[in-house]
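Please open the model in your viewer and keep the selection panel at hand.

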Amino acid sequence: MKIRGKAWKFGNDINTDEIIPARFLNTTDPKELGSHCMAGIDEEFVKRIKKGDIIVAGKNFGCGSSREHAPVAIKGAGISCVIAESFARIFFRNAINIGLPIIELPSASKEIEEGDLLEIDLDRGVLKNVTRKKEYQISKFPGFMQEIINAGGLLEWVMKR
Amino acid sequence: MGKTMAEKILQAHTTQKDVKAGDFIWAKVDLMLGNDITAPLAIRQYEKLKKKKLVDPNKVVLVPDHFTPNKDIKSAQQCKLLREFAKSHKIRHYYEVGRVGIEHALLPELGLVCPGDLVIGADSHTCTYGALGAFATGVGSTDLAVAWITGHVWLKVPETMRFVYHGTLQKWVSGKDLILYTIGDIGVDGALYKAMEFTGEVIDKLPMDGRLTMANMAIEAGGKAGLFPVDKITWNYIKKVNPKRYPRSYRKWKDLRSDEDAQFVDVREYDVSKWEPAVALPHLPSNVRPVSRVKNVRIDQVVIGSCTNGRLSDLQVAAEILRGKKVHPDVRLIIIPGTQQVYLEAVRRKWAEIFVKAGAVFSTPTCGPCLGGHMGVLADGERCLATTNRNFVGRMGSLKSEVYLSNPAVAAASAIKGKIVHPDEVM
């Protein structure tokens, strides 16, 4: 899978109340959730992004609540991938389970600046910062998780079994 | 080499041999919890599956507690979906408004969790049941849907961080303060992906309510579970809430604890004797100070309740402090019992009268204000002191509001004074 988009930067400990505030949790519709993506930090965020853009953040991205609505909102808003120094564990498993690509790469998330154009080849495991002409190797996930990712999510993985 | 408590419980739930930290396992689940926010999304995923059959309806627990009593039409629709799903799938553990409580206060009270159990919940505070010696962890809605049909969950066996508390607790210092200082020490990702294990002579004496409060907030340090070794206090509690299951459970898990030669990724020791009540300042639960160092912070609202501090002993300390006193004219005090049983007991013991006479709201159980849902949402520039678990930006309402966290004693005393104070200032 190939991804190409502009980077939008966020800091450390971005929590799920920032990604999708609880007042918007009275629905399960991905489009509607997507229309409030990151509303807990920046209510205008969804108006500025283009389909395929990429979120780049610091450590512990997605901490707080278990709400799967958080990765669903990110996906629903058209964000193609989240790159972070590290992820909070429930967000991490939710992203894998619903097939939202995530990349844990401390060096990249430090060096990427807002607006940089990024190209990601998930199959080859390469992240390219086109603006800064830099390349990074993305490590594969441990076997079991990679199986779920390859299947396209946990539901798909279960249905195959 | 010995095993940690986490490894022992997870070993008992998988066919894989010699389970150790770092292994991925496909584990058999004893109890699967969802609420009115996360279960509708799980139902949506479940409907996509070809095989639509619950592996065991008696393992499924549905608790409409977040936006109930229904706060708006959309929430009412979500609750209706939950109710109908429970009915059509013959789910016994569905709890209707009027019988429902805040999930993590309700499940232990009903005796649904016993030591050695593996519990998953589509709610991050599912880690609460670690207080009972169960391995309990928060997952997502897709995990929940898959567990409904397969009875299993995928897990990475966590490493364990051990916390040892020495000394004696001062008056007004509780489990809430122990966990706040601990999160303050290690940070909001200090236990990321790890199990936290709480031990030491202070823990040996800590009542179950305090343990539930501590385990509840393991997630605020990024923890996967917050575990307490099983002891007399655990078994006395289990005997009371589930006398039927107690004998079998006791035989199997009597001495459930980590082996002395088990491997811990970190061991932290604290002397708590000089600790005073703690306050977490905006906007992270790790931003912790002793209450005496929080000076002249005026507050507009105080919330006493939630899955962290909505149990009987929490309301008891609030009643003790509020007896014969009045809430400050500029403060709205909202007191929310965790369950109907706690509510009823507060009425019987005449605490409800103390609260109402003091000028407080005394409400039916709900998660409402803790996550800015309803029953106490904050406006721009407002400041709240809450006994809840999170003080993120906008957590209880406006992005321009502020949330401070404390134990119920500090919260009750501060409601009287109109600013954050040590309970000694009113007692």
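## A parallel pair and its sheet

Begin by selecting strand β2 (residues 31–35) and strand β3 (residues 60–63) of chain B, which run parallel and are joined by four bridges; strands here are DSSP runs of E with at least two residues, and helices runs of H or I with at least four residues, numbered from the N terminus, while two strands pair if DSSP finds at least two bridges between them. This is a predicted model, in which local features need pLDDT of at least 70, side-chain atom pairs count only at pLDDT 80 or more, and totals for chains, interfaces and linings use all residues. Residues are numbered from 1 along each chain as its sequence is written, chains are lettered from A and ligands numbered from 1 in the order in which they are written, and side-chain values use heavy atoms, with hydrogens and water left out.

Next, pick B:Leu33, whose bridge partner in β3(B) is B:Val61.

## The whole chain

Now show chain B entire, with its 15 helices and 18 strands. Along the principal axes, its C-alpha atoms fill a box of roughly 60 × 50 × 40 Å. Colour by burial, and 67% of the 427 residues of chain B count as buried (under 20% relative accessible area, with a 1.4 Å probe and protein chains only).

Conventions. Buried < 20%, exposed > 50% of the residue type's maximum accessible area, 1.4 Å probe, protein only.
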